[in-house]
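Please keep the sequence and structure in view while reading.

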Amino acid sequence: MEKLREYVSLDLEMTGLNTTSDQIIEIGAVIVKGDEVEQLQSLLRTDHSLSDKITEITGITNEMLKDAPLAEDVLPDFIRRTEGLPLLGHRISMDYAFMKQWAVNHKMSYERLGLDTLKLSRRIRPDLVDHKLLTMLEAYGIDPGQHHRALDDAIATADLLDCLYQDLPKAGITDEEAERLFRPQILQHRAKKQTPATPAQIRYLKRFCAYHGIELPQDAMLWNRSQMSRETDRMVEKYGKIPKTEL
């Protein structure tokens with residue numbers, strides 16, 4: 001079976017897992033075109049304040065992002081340069097969803113094929129207790145570098161792909177099934193352009209917080225329209241409505 005010779009091993013770090021409200025804070029990629037291999041890595045500035053959990057997982061701090069480039073200065077060029085190349089990743093659907101949402105928000109097209117090493121791992125190494133990226137890297141003796149940093153994870157995932165190819169005979173997988181397993185598939189994510197919160201929504205939230213004597217959420221001015229509506233409803237449920245006489 002012929003190995004995939006052109007692809008992009010992609011990994012992102014984000015402020016959270018919600019594509020409509022969280023943001024990308026780091027991109028790492030290994031761009032493979034035959035014998036030509038190029039690496040790309042960049043932190044991305046965000047107005048979101050990183051949670052302690054995200055900093056603990058990734059090692060990325062608010063201070064590190066302070067002078068980083070904006071996503072608008074990095075991602076458009078990455079999207080254009082990798083046009084037509086399938087994406088490789090461990091649970092690649094998540095990284096694709098964030099890229100697709102960002103592209104839609106910025107009026108760019110982002111349609112890609114993808115190959116998921118998580119799915120390959122489950123089929124080729126059913127003997128393992130789990131198939132998390134770190135588990136797979138340990139199983140094959142692959143150096144993880146700094147796990148949960150985008151470029152190191154992208155490099156490790158590309159190395160994992162090679163190991164999975166080599167393990168095909170041990171797994172008893174036929175050439176026909178191998179061709180199907182390693183064929184990039186269409187990635188799908190429904191992304192709707194996120195519109196900013198309306199002035200009326202912002203005014204109401206400020207009055208609501210002032211009336212109840214609570215602090216305005218730190219990232220409230222960054223919320224999009226649907227997020228503003230959702231979070232305001234939660235606060236109303238918790239604290240109660242403002243009397244009409246106070247509006």
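## Helix α7

In this predicted model, the buried residues of α7 are A150, L151, D153, A154, A156, T157, A158, L160, L161, C163, L164 and Y165. That makes twelve of its 17 residues, so α7 is largely enclosed by the rest of the structure.

How far apart are the end C-alpha atoms of α7? They lie 25 Å from each other, which agrees with the 24 Å that 17 residues should span at 1.5 Å a residue.

## Nonpolar cores

The largest nonpolar core has 26 residues, and those touching the most other members are L160, L161, L164 and F182. Two or more residues come from each of β2, α5 (117–124), α6 and α7. The most are given by α7, which supplies nine residues.

F182 is in contact with M1, L115, L120, I124, L161, L164, Y165 and L168, leaving aside its neighbours within four places in sequence. Another core lies apart from this one; it has 25 residues, among them L10, A71, I79 and M99.

Strand β2 is largely enclosed by the rest of the structure, since nine of its ten residues are buried. On one side of the pairing list is β1 (residues 6–14), which pairs with β2 in the antiparallel sense over nine bridges. Within this pairing, D11 has G28 of β2 as its bridge partner.

Strand β3 also pairs with β2 in the antiparallel sense, here over eight bridges. The bridge partner of E26 in β3 is L43. The hairpin of β2 and β3 has two residues between the strands, and G34 takes a positive phi near 65° in this hairpin.

Side chains of opposite charge can pair when their charged atoms come close. How many salt bridges does a search of the whole structure find? The search gives 13.

One of them joins the side chains of E26 and R149, at 2.8 Å from N to O. E26 belongs to strand β2 (residues 24–33), whereas R149 sits in the loop between α6 (133–140) and α7 (150–166), so the pair links distant parts of the chain, 123 residues apart. Buried means under 20% relative accessible area; E26, at 1%, is therefore buried, and R149, at 13%, counts as buried too.

E38 forms a salt bridge with R81, with the closest N and O atoms 2.2 Å apart. Because E38 lies in strand β3 (residues 36–43) and R81 in helix α3 (residues 75–81), the pair ties together parts that are 43 residues apart in sequence. E38 counts as partly exposed, at 38% relative accessibility, and R81 counts as partly exposed at 31%.

## A pair within a helix, and a network

R234 and E231 meet through their side chains in a salt bridge of 3.0 Å, N to O. Both are in helix α10 (residues 225–239); being three residues apart, they are separated by about one helical turn. Is each residue buried or partly exposed? R234 is partly exposed, with a relative accessible area of 49%, while E231 is buried, with 18%.

A network of salt bridges links R125, D127, D167 and K170.

Key: Residues numbered from 1 in each chain as written. Predicted model: local features only at pLDDT ≥ 70, side-chain atom pairs only at ≥ 80, totals over all residues. Heavy atoms only, no water. Salt bridge = Lys/Arg side-chain N within 4 Å of Asp/Glu carboxyl O. Helix = DSSP H or I, 4+ residues; strand = E, 2+ residues; numbered from the N terminus. Buried < 20%, exposed > 50% of the residue type's maximum accessible area, 1.4 Å probe, protein only. Core = buried A, V, L, I, M, F, W, Y, C linked by side-chain atoms within 4.5 Å. Contact = heavy atoms within 4.5 Å. Expected span 1.5 Å × (residues − 1). Pairing = 2+ DSSP bridges.
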